[in-house]
Amino acid sequence: MSALEGAILRTLREAGIEKPPVEVERVLRFLDLDDICWCSDQQVKQVALIHSEKKGKYRILAPTNYPAERLPFTLAHECVEYIALREGLKPEHWKINQSAAELLLPTAWVRQCISDEGFDLFALRRRFSTASLETCALKLLGLSPFPCILTVADRKGMRRRSYSRKSLERPISDVEEETLTEAFSGIDIVERTGGGLRCRAFPAPDTRKQCIAKVFLFATLPAP
């Protein structure tokens, strides 16, 4: 556990958060960062942590049109940035992004969820409801006990592939393609094996359009 991850867990405990979900609003209040300054998008383009000379403390600036679905993770990022400042730590920006996910999904709690529910994206999302499906998926990928590839696909054909530390980059296989196709045609979790891979796909519906918006496909190698 890094010094920053330790500081995050300590902050959660001090804020009275002992189990999921992590309510970012409670963390903001505990850190005295809940007085967010909402500005027009002409004044502020991105969410940022600044020191307010007038208030004599740190504040968060945010554009009024910031996408609501991205806000929890972004505010968690600002909380982690402030925690790092308070602790005298100077991690790289990518490490703060990684630790923002740690604030929403503490590793020890996620491991307990996996022990209780199995390697199940939807079960993790239900328990950690303040984190997005994508954040949950990347957390599962990082904790996979086997070499694992995560493919996030949408209906427009866009695909993003991420790899666990034990996995090498490789082109998408036939069995992965077949699993994605089946997942887009239904609403249930799809499991297939082939070519040494065990595939498990989680279709995420778009309730407004009554269709599957994205599929999160985990492919583990070798098949357990």
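# Helix H4 and its surroundings

The axes of helix H3 (residues 71-87) and helix H4 (residues 93-104) come within 8 Å of each other and cross at roughly 115°. This is a predicted model, in which local features need pLDDT of at least 70, side-chain atom pairs count only at pLDDT 80 or more, and totals for chains, interfaces and linings use all residues. Residues are numbered from 1 along each chain as its sequence is written, and side-chain values use heavy atoms, with hydrogens and water left out. Helices (H or I, at least four residues) and strands (E, at least two) are DSSP runs, numbered from the N terminus.

**H3 against H4**

- Two packed helices are described by the angle between their axes and the distance between the axes. Here, axes are lines fitted to C-alpha atoms, for helices over the stretch in contact, and angles run from 0 to 180 degrees between N-to-C directions.
- H3 and H4 are therefore roughly perpendicular to each other (angles under 35 degrees count as roughly parallel, over 145 as roughly antiparallel, 65 to 115 as roughly perpendicular and the rest as oblique).
- On the H3 side, the contact (heavy atoms within 4.5 Å) is made by Pro 72, Phe 73, Ala 76, His 77, Cys 79, Val 80, Glu 81 and Ile 83. On the H4 side, His 93, Ile 96, Asn 97, Ser 99, Ala 100, Ala 101, Leu 103 and Leu 104 take part.
- Sorted by class, this contact has 11 nonpolar, 4 polar and 1 charged residues (Ala, Val, Leu, Ile, Met, Phe, Trp, Tyr, Cys and Pro count as nonpolar, Asp, Glu, Lys and Arg as charged, and the others, Gly among them, as polar).

**H4 itself**

- H4 has 12 residues and spans 17 Å from its first C-alpha to its last, close to the 16 Å expected at 1.5 Å a residue (the expected span is 1.5 Å times one less than the number of residues).
- Buried residues of H4 include Lys 95, Ile 96, Ser 99 and Leu 104 (buried means under 20% relative accessible area, exposed over 50%, partly exposed in between, with a 1.4 Å probe and protein chains only).
- Among the elements covering the buried residues of H4 are helix H1 (3-14), helix H2 (24-30), H3, helix H5 (107-117) and helix H7 (133-143).

**H1 against H4**

- H1 and H4 pack at an angle of about 35°, with their axes 10 Å apart, and H1 passes H4 in a right-handed crossing.
- Leu 4, Glu 5, Ile 8 and Leu 12 of H1 meet Lys 95, Ser 99, Glu 102 and Leu 103 of H4. The classes in this contact are 4 nonpolar, 1 polar and 3 charged residues.
- Leu 9 also lies in H1 and counts as buried at 15% relative accessibility.
- Leu 9 and Glu 102 are 93 residues apart in sequence, yet 8.7 Å apart in space, C-alpha to C-alpha.

**Loops and a strand**

- The peptide bond from Pro 20 to Pro 21 is cis, with omega near 0°, and Pro 21 sits in the loop between H1 and H2.
- Asp 32, in the loop between H2 and strand S1 (37-39), has phi near 60°, a positive value in a residue other than glycine. Asp 32 is partly exposed, at 39% relative accessibility.
- Phe 202 belongs to strand S7 (residues 197-206) and is buried, with a relative accessible area of 0%.
- Leaving out residues up to four places away in sequence, Phe 202 touches residues including Phe 119, Phe 122, Ile 189 and Phe 216.

Definitions and conventions: Left-handed = near helix turned anticlockwise from the far one by under 90°.
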